[in-house]
Amino acid sequence: YESLSVAELAKKLHREPSEIIKKLFMLGVMATINQELDKDAIELICADYGVEVEEEVRVDITDLDAYFEQNEENEQSMEERPPVVTIMGHVDHGKTTLLDSIRHTKVTAGEAGGITQHIGAYQVDINGKKITFLDTPGHAAFTTMRARGASITDLAIIVVAADDGVMPQTVEAINHAKAAEVPIIVAVNKMDKPSANPDRVMQELTEHGLVPEDWGGDTIFVPISALKGEGIDTLLEMILLVSEVAELKANPNRSAIGTVIEAQLDKGRGSVATLLVQDGTLRVGDPIVVGHAYGRVRAMVNDIGRRVKEAGPATPVEITGINEVPQAGDRFVVFEDEKTARQVGESRAMTAIQASRSEKQRVTLDNLFEQM
Ligand code: GTP
Ligand code: MG
């Protein structure tokens, strides 16, 4: 304890305050009942009673990032988990078409009624192996997540149109992926176009450090046509190959932690958040803190709009039951009980309000200077 009052110390030692005051007096310290005692004085008194002072370990329970760092697992409880893949690339190079193509060949085919709901992330199943795709605009996801020190992607697909070549946002995407230290697979798209020039794409990417395997490098290039659905199976195979090498693991038996992919306010359902479970298993009824919001998971819907009771590692899921709308990139943590979740949530909300207040004050000052 850094400091305690005489009364508090007396209570902890199960003694009368007057007795403590007397002891202090004997030690040459004049004290009143409400007097704050420093560490040395506390230790002195405790030593006199033969009580050892335990160093209090202060863990900031409101620090969700700390939960991630504490997340050291023993190897035995770890199981293989699906890779989380982000698709990035220059405007109009075919990211959305590629995502649609993957989803339609792999998801809609087996689903009567098709995709009933779009939740910003989805999972495909390739011969029993799953891949999770983040369907957020690649750059936005990477930028906001990285700014918060959160990493959610295991692998980046860089889409380059074979008729257009490397463009500014292609380079930006490469830099994002490199900074996040995730493996990169290049999808050379629009191969169906007569003007497609894949050699040029390879040449240009080599200049940015992405050397094709055929040229002695270690970057996988897959020629595709997102529009015609060609090369998609090979691309998916390569994704699985690269993720196998990475040996991605998680512990499905712990309480869930993860990150917000997107969130909004729904008229009927209240705050709705799409979460990526990164470790553990999230269940309906779990007390949860999501960014500054908290609550209990009321309902969960998976990427094809089905209600589910639980979601394991690398699974995207939409939840309701939290009191506020969190932000993309916010962490979520499941707690043992609702009381703790509420405490942590409220305390985090309070801190956020204070931070935004001082932010506002600063802005006002800035404005003042601008006006001068
Ligand atoms: P932004 O989201 O605006 O950055 O674009 P995007 O990268 O998502 O590109 P999108 O998938 O919207 O495709 C842009 C245009 O390229 C559309 O008209 C697509 O039909 C077309 N396109 C995408 N893939 C292919 C392809 O493989 N071949 C051909 N010929 N056209 C394609
Ligand atoms: Mg798009």
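Predicted model: local features only at pLDDT ≥ 70, side-chain atom pairs only at ≥ 80, totals over all residues.
Student: Is A314 buried or exposed?
Tutor: The relative accessibility of A314 is 2%. The cut-off for buried is under 20%.

Student: What is phi of A314 near?
Tutor: Most residues other than glycine have a negative phi. A314 is not a glycine, yet its phi is positive. The value is near 70°.

Student: Phi of H14 is also a positive value in a residue other than glycine. Is H14 buried or exposed?
Tutor: Phi of H14 is near 55°. H14 is found in the loop between helix 1 (6-13) and helix 2. Exposed means over 50% relative accessible area. H14 has 71% relative accessibility, so H14 counts as exposed.

Student: Which residues make the nonpolar surface patch of about 420 Å²?
Tutor: One of its members, F25, is found in helix 2 (residues 17-26). At 52% relative accessibility, F25 counts as exposed. A patch residue needs over 30% relative accessible area, so F25 passes. The patch is made by F25, M26 and M30.

Student: Turn to the ligand. Which helix gives the most to the shell around ligand 1?
Tutor: There are 15 residues around ligand 1, and D92, K95, T96, T97 and D192 come nearest. The shell divides into three nonpolar, seven polar and five charged residues. Three residues of the shell come from one helix, spanning residues 95-106. That is helix 5.

Student: How much of ligand 1 does the protein bury?
Tutor: Start with the contacts to oxygen atoms of ligand 1. A polar side-chain atom of K190 lies 3.0 Å from one. Backbone N or O atoms also lie at such distances, 3.2 Å for L227 and 3.3 Å for H93. Taken alone, ligand 1 exposes 650 Å², and the buried share of that is 70%.

Student: How many salt bridges does a search of the whole structure find?
Tutor: Each needs a Lys or Arg side-chain nitrogen within 4 Å of an Asp or Glu carboxyl oxygen. K228 and D192 qualify because their closest N and O atoms are 3.9 Å apart. The whole structure holds a total of 11.

Student: How many residues apart are K228 and D192?
Tutor: Their salt bridge spans 3.9 Å between the closest N and O atoms. K228 is in the loop between strand 9 (220-223) and helix 9 (232-246). D192 is in the loop between strand 8 (184-189) and helix 8 (198-206). The pair links distant parts of the chain, 36 residues apart.

Student: Which residues do salt bridges that share partners join into one network?
Tutor: Take the pair R269 and D266, with closest N and O atoms 3.8 Å apart. R269 counts as partly exposed at 31% relative accessibility. D266 counts as partly exposed at 27%. Shared partners bring in E318, giving the network D266, R269 and E318.

Note on methods
Residues numbered from 1 in each chain as written. Chains lettered and ligands numbered in written order. Heavy atoms only, no water. Near = heavy atom within 4 Å. Polar contact = N/O pair within 3.5 Å; in protein donor to acceptor, adjacent residues only side chain to side chain. Areas by Shrake-Rupley, 256 points an atom, 1.4 Å probe, with all protein chains shown as cover. Helix = DSSP H or I, 4+ residues; strand = E, 2+ residues; numbered from the N terminus. Nonpolar A, V, L, I, M, F, W, Y, C, P; charged D, E, K, R; others polar. Patch = residues over 30% accessible without salt bridge, like charges linked within 9 Å, V, L, I, M, F, W, Y side chains within 5 Å. Buried < 20%, exposed > 50% of the residue type's maximum accessible area, 1.4 Å probe, protein only.
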